[in-house]
Each structure stands twice: as C-alpha cells, then as structure tokens.
Amino acid sequence: MPHVEGQVVPAGSYLYYRHRLPVRVMHWVNVAALTIMFMSGLQIFNAHAELNWGKSSYDGTPPVLTISSRQNAQGEITGYTRVFGHEFDTTGVLGASKASNGRWVHAAFPSWLTIPNYKWLSMARAWHFFFAWVFVVNGLAFVLYAIFSRHLARDLTPTGADLKGIGASIRDHLRFRHPAGEEAKRYNVLQKLAYLVIIFVLLPLVILMGLAMSPWLNSLFTGWVDIFGGRQAARTIHFVVAWLLVAFVLIHVFEVIITGLWNNLRSMITGRYRVTRESVHE
Amino acid sequence: MNDIIKPRRRFLARAAAAASTLFLAGCDRLSHTTWFPRVLAAAENLNRGAAHAITPRKSMAQEFAEADRSPEFRSNGTANPGTDEYRAMVANGFADYRLAVAGLVGKPKSFSLAELRALPSRTQVTRHDCVEGWSAIAKWKGVKLSAILDAVEPAPGARYVMFYCADPMEEDGTDFYYESIDMDDAHHPQTILAYDMNDAMLPVANGAPLRLRVERQLGYKQAKYVTAIALVDSFGNVAGGKGGYWEDQGYQWYAGI
C-alpha cells in the first residue's frame, strides 16, 4: 500500500490510494481464473467421483471419498457421500441433484457448480488447462511484481510488532472487531499471514499436485510423485487444497463484507479506500 | 438498523445469484461456439511444448514393484469388440491373427503373434492413468514398437504411427477405434505392443491379442485390439482428422496431461 494521495476532507474522512493498478488487475484475473478452474475441476472430478490415497485407485484399499447415487425399487433417487467409510445422505446437492430443467441427474457435483454444466469431460479439461495457464502466468507476474515493487516486503510481510500482536488480532477477529481509521490502511497480521499462506503454500501446492497427475511430467524424475503419496494421493491433495482455497475465499468475502463492502470493493476497483477518523471507537 | 440491513442482504444475495446464473449461462454459450473451444485448445500446444521442453526426449515413465499391481485391472471402453471377425479370432486362439504394418515404409509386412513374440520384447510394471481420473497398475510384456519399425524401414517422411483397432465404437459395428503417436514416442524404449498382462496372455477385456502401451500418456492413447499399423506424414484425412477416436470427440491429441 503506497503513498497517501488523498487530502483530508472536512467530514473527517479521505480517500487513500490503497491498491495499485497491477495488483487490482491481477487480483481480478485471479478471481476469474480460479473460479473457472474450480468449477471445471469439479466437472472433471465428476468423471470419476472417488478419491484414493496411494499410487493407484485399485490397490485393495477403499476410497477415502466417494460421491454417488442409488435408486430403489420405487424409483426414488438418493445421493450419498461417503467419507472415510461414513456415509451421508446428500440428495439434492451431491450424488444426485436436479438440473435447471428440473430433471434428476446422477452427478457428483450439481450442474450449478460445474463448467460445463452437464457431463462433458473433454470440454471441462479444455477450460481447465487453458485457464491453468492464465492462472499460472498471472500468479508468477504477481509474485515478481510483489517482490520488485516491495509490495511483499512492505505490505505482506508481518513485522515483529505484528507478530507480537497476533493474540490480540485473533481475539479481535473472533469478536468481528477490525482495525478502523488510519489502522485500516495496512493489512493486519492475520490478514498478512493468510495471504502469505495462500500465495506461497496453497496455490503452489495445488499447481504442483495438478502437475503430479500428468503422466508425462511423472517421467521428469523417477518416483517424484511418490513423495506426495502417489498419483492418486496427488489427486486427493489437489481436490482438498481446491476446497481449502474456497474456504479462504468464503472467509475473505465475509471479512470484505463486514469491514465495509463498498469501500473494500471500490479500493480493489479504483484503488481508493475511504479512511474515516472515528472518535467513537478509538 | 435491521430494516436497512435485511433488504440490503437480500439484494446482495439476489445479485450474487443472478451474477452466477449469468456467468454459468455465458460459459455454457461459449462452450457451444466454434471459436471459443478453438481458443481453449491453444493450451494443448502450450502443454505439449512445456512438457517436451522440461523433460528429456526419452524420459522414462515410472516403473513399479510387482506388489504395487492392482488386484484387478479395470477394463474401460470396449470390453469385447463382439464382431464376427473378432469372435472367430478368439475361437481359434488368435492363430489367424496378423498385424499389418504399412504406409510410409520401405518394406510393408504382416506379423503373426508368434512372429511378434520372437521380436525383441520389454517387460514393465507401469501405471495406467485414465482421463477420467483413476489409475491402475499392471505388468506388461510386449514387442518393442521400435523393433517393428526397424523391420519395416520407415520412410523419411513418416511423422506419425497410426494404430487401427478391431473394436467398433458404434453399436452397428462401425467406427473402429484408432489412435496415433509421433515418431519420438514410437521409438521410446517403453513403447510396446503388449501381448501379455500380469504374466498371462492379454485378456479380451484388456485388448487381446495386442494393445499399445505408450507410458507417458493417458489411457485413451493405449489402443486395444490393434490389428494394423500405418506410418503417415499426417492424420488430417483419417476419420475426423484429429488423430484418434477420442481426439475426434474433443479430447486432446497430446494426452500427457
């Protein structure tokens, strides 16, 4: 978050230039690419709605996750999800769900969560692998920009004081109390740590596990995929990390909403964030 | 306060729902245009180029211990070609089977199973990765494709090896499976035409009497029931022109990913 540009307005609030253009553009490219990757990924998953741990899917051990459906003699359809042997009835959402035309579909993930919105593996792969390039190129550009513009060092790396205040920050977050006024101009420590984990742990991991599923890239160094438990384990990790990213997005959007939806949105579109001097809370 | 927040929340929820509906409808539209899938397909060249750039030309697919083999090797796609010709071949134990090799070669030839078994072979325990997402491990023994190529003397213009199969993909017995690979893959040491699986004759469900193993690519490249090979300079005028049965249905020709 660079230089202050705005001037103090009489009402006690002013616009602060919070996000520079490259960060804003790369943020929204990332939103689009990740959304498409996630939804096309679920369509790809639907082609084989099981997850295994190990080198192969058929090694005598049961899947860790199965999403499927069954139909009884009366024609009633049940969708179910089995996780580590525990079965849950997920009719309507997972295993069996209604398509937009009202018909029941036997699909692991429902049509409203997938690209394309019906069983079409080759098209899902086409979307997934195209936007994988968009996502990776954009991500690399962001990391390079963050390093050389000092965005990483200045805005994302927690300071010593940040880390000392981590306990207080956790308490504040749990009470939905957030930095206001001048303090809102910089990221808080949990925010910084969350962004760093996403950028340098989860996103690289989801990419690596995607590459680990490529039989061609498996041949790069003999057995490298076994470090992660084997190809099917890599597929499982890829799936789990994708959902961890969704969990991050849900928390991120929640925080965006409760700390001022329009102000936050504007700052990620125009760059300008309204800083309000509040005497009441301070 | 609540009277303000509630409608606002409802508005936001509705806006989000409307936006996602629009987004999904837009994606669906794009999938059905002719131009957009073509744009998406550009990534295939990037994938192939990047994979080739970072892996050595003859990088070896992982080979596994016998203990890693799957208790049962899944049969996918055709489990039995079911044609009269194929039934007759099964009935007499493939004694009349011939593998015809032609196209851009100096010496077109055809091989019986016994002749193929007499050529240099390779045995490997490898993982089969289906495009659907599952994997299974089996032990394969087969004739090295490079040995067959040596025997027929490829012409300099040969760029691809086409595999023609005995299994029809349509119920009426037409549209036979086919596949293709490039000469690099054809000469790869692990590229074999397998006649044995797990120390027994290749079962009908897995492609008897001969199937391709091209280990750095996905399952749909591993053509089963191979009866003829042709060396070509282009596959543009074969069937749908994309180099394979599933490629003609929109799957990538480069199946290393």
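The expected span of a helix is 1.5 Å times one less than its number of residues. Helices here are DSSP runs of H or I with at least four residues, strands are runs of E with at least two, and both are numbered from the N terminus. By that rule the 28 residues of helix 8 of chain A (residues 231-258) should span 40 Å, and the 41 Å between its end C-alpha atoms agrees.

This is a predicted model, in which local features need pLDDT of at least 70 and side-chain atom pairs count only at pLDDT 80 or more, while totals for chains, interfaces and linings use all residues. Residues are numbered from 1 along each chain as its sequence is written, chains are lettered from A and ligands numbered from 1 in the order in which they are written, and side-chain values use heavy atoms, with hydrogens and water left out.

- Gly260(A) follows helix 8 of chain A and has a positive phi, near 110°.
- A nonpolar surface patch is formed by Phe176(A), Val249(A), Val253(A), Phe254(A), Ile257(A) and Ile258(A), with about 500 Å² of accessible area together.
- Patch members have over 30% relative accessible area and no salt bridge; like charges are joined within 9 Å, and nonpolar side chains (Val, Leu, Ile, Met, Phe, Trp, Tyr) within 5 Å.
- Areas come from the Shrake-Rupley method with a 1.4 Å probe, and for residues only the protein chains shown count as cover.
- Ile257(A) sits in helix 8 of chain A. Its relative accessibility is 42%, so it counts as partly exposed.
- Buried means under 20% relative accessible area, exposed means over 50%, and partly exposed lies in between (1.4 Å probe, protein chains only).

**Gln62(B) and its contacts**

- Gln62(B) lies in the loop between helix 2 (35-54) and helix 3 (84-91) of chain B. At 9% relative accessibility, this residue is buried.
- The side chains of Gln62(B) and Asp226(A) make a polar contact of 2.7 Å. Such a contact is a pair of N or O atoms within 3.5 Å; within protein, one must be able to donate a hydrogen and the other to accept it, and residues adjacent in sequence count only if both atoms are side-chain atoms.
- Leaving out residues up to four places away in sequence, Gln62(B) touches Thr222(A), Gly223(A) and Asp226(A), along with Val125(B), Thr126(B) and Arg127(B). Contact means heavy atoms within 4.5 Å.

**Salt bridges**

- The whole structure holds 24 salt bridges over all chains. Each is a side-chain nitrogen of Lys or Arg within 4 Å of a carboxyl oxygen of Asp or Glu.
- Glu182(A) and Lys185(A) pair at 2.7 Å, N to O. Glu182(A) is partly exposed at 36%, whereas Lys185(A) is buried at 12%.
- Glu63(B) and Arg122(B) pair at 2.8 Å, N to O. Glu63(B) is in the loop between helix 2 and helix 3 of chain B and Arg122(B) is in strand 3 (residues 121-129), so the pair ties together parts 59 residues apart in sequence.
- Glu63(B) is partly exposed at 33%; Arg122(B) is buried at 18%.

**Helix 5 of chain B**

- Seven of the eight residues of helix 5 (residues 145-152) of chain B are buried, so the helix is largely enclosed by the rest of the structure.
- The buried residues are Leu145(B), Ser146(B), Ala147(B), Ile148(B), Leu149(B), Ala151(B) and Val152(B).
- Glu153(B) follows helix 5 of chain B, with a positive phi near 55°.
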